[in-house]
Protein chains: 2
Amino acid sequence: MEALPHSESPRVASALAILRANGERVTPARYAVLRVVEAADLSAEHLSADTIGARVSELEPTVHRATVYRTLTALTELGVLTHVHLAAAGTVYHLADPLPEAAAPTSRTSVTDHAHVQCVECGAVLDVPPSVLDEVAVWLRDALGFELDTSHAALLGRCRDCLR
Amino acid sequence: MEALPHSESPRVASALAILRANGERVTPARYAVLRVVEAADLSAEHLSADTIGARVSELEPTVHRATVYRTLTALTELGVLTHVHLAAAGTVYHLADPLPEAAAPTSRTSVTDHAHVQCVECGAVLDVPPSVLDEVAVWLRDALGFELDTSHAALLGRCRDCLR
DNA sequence: CTGCCTGCAAAGGATTTGCACTCAT
DNA sequence: ATGAGTGCAAATCCTTTGCAGGCAG
């Protein structure tokens, strides 16, 4: 899986490189989780741990649900994945954007990523450029000394469709 | 409990009035929940359902935890309570501000209330004037037709203390 | 009196953990 | 070969639900 001319996504490849660079092992479970999350990102889906588990099962039927949870945690600590807390339904995962440099410090704070808003009625998640929160970030820093992590939590409201 | 010259908080009194005006019953459980939430609001605490349950037990030892959950749901539907989803730890409750007029429509959307940010490290919750999100709200409405509910979810980041 | 609201107990879903074993390095 | 990762199963945590009885109106 290493010296082969692989046709896999460059993002997954870099993620694997980061794992190796950090002395982390590349296992079927981890590889599968990365492929699932990357695929979801490409189609702008937002997957929960549970759903990721289901899709991983299709690729690697022997991988246990508990392992998926542990993998998501591990990859997040490495900075390879990020997650967003949706008030109206759990936590969803993304491949970090940008991925950390080969050497991987723990817990990125202000990844470029994107911010999210979720509709309380239909649950739809909309992506928003993080710059939309720039002024809020400035206000929080100046007034409270609070450093906003733009993409870590979703704001709530009602989407166009649900407003009728 | 009705014709007595009660010295209770005017806010709790109005809340009870709203219950009655809507044909809802005023029970010891509901009264206790309202007192607990109101007290927390005064000291700017943010209480989870669980914690509210614990405090209610002190006032009314026979009130069951399940009843607290049902009460919180009922009072929220009445518009007497609001809740905020904290990504880093459940849901917390407030007395609605402003309280709905005696006639109580369901589910307030844009109460004045206040917005919240939470520190991912220490869990501290900071209150923020909702106007801080005004420009975000305008952007979301214009660009996406999305109606932001300013006070329904907390944003995440790191507070001054945890930044060192 | 009536039926809304409650207590109790049990179910439920999502995530975590202890342990022994396996396989990536 | 060595221990980081894993599978499995059981344990938690928080919240919800079904049911019968009790109290507010």
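**Helix α4 of chain A**

A: In this predicted model, the buried residues of α4(A) are covered by elements of chain A that include α1 (10-21), α2, α3 (49-59), β2 (81-85) and β3 (91-95).

Q: Which residues of α4(A) are buried, and why do they line one face of the helix?

A: An α-helix has 3.6 residues a turn, so residues three or four places apart point the same way. In α4(A), the buried residues are A:Val68, A:Thr71, A:Leu72, A:Leu75, A:Thr76 and A:Leu78. Viewed down the axis of α4(A), they fall within an arc of 155°, so they line one face.

Q: What is the reach of α4(A) from its first C-alpha to its last, and what follows this helix?

A: With 14 residues, α4(A) reaches 20 Å, close to the 20 Å expected at 1.5 Å a residue. A:Gly79 follows, and its phi is positive, near 90°.

Q: How many residues surround DNA strand D, and which are the closest?

A: DNA strand D is surrounded by 18 residues, the closest being A:Glu24, A:Arg25, A:Thr27, A:Thr67 and B:Tyr69. Of the atoms of DNA strand D that come within 4 Å of the protein, 61% belong to sugar and phosphate. By class, this surface has seven charged, six nonpolar and five polar residues.

Q: Which atoms of A:His64, B:Val26 and A:Arg30 lie close to DNA strand D?

A: A polar backbone atom of A:His64 is 3.0 Å from a phosphate oxygen, and a backbone N or O atom of B:Val26 lies 3.3 Å from a phosphate oxygen. For A:Arg30, a polar side-chain atom lies 3.2 Å from a sugar or linking oxygen.

Definitions and conventions: Residues numbered from 1 in each chain as written. Chains lettered and ligands numbered in written order. Predicted model: local features only at pLDDT ≥ 70, side-chain atom pairs only at ≥ 80, totals over all residues. Heavy atoms only, no water. Near = heavy atom within 4 Å. Polar contact = N/O pair within 3.5 Å; in protein donor to acceptor, adjacent residues only side chain to side chain. Nonpolar A, V, L, I, M, F, W, Y, C, P; charged D, E, K, R; others polar. Helix = DSSP H or I, 4+ residues; strand = E, 2+ residues; numbered from the N terminus. Expected span 1.5 Å × (residues − 1). Buried < 20%, exposed > 50% of the residue type's maximum accessible area, 1.4 Å probe, protein only. Arc of directions from axis to C-beta. Contact = heavy atoms within 4.5 Å.
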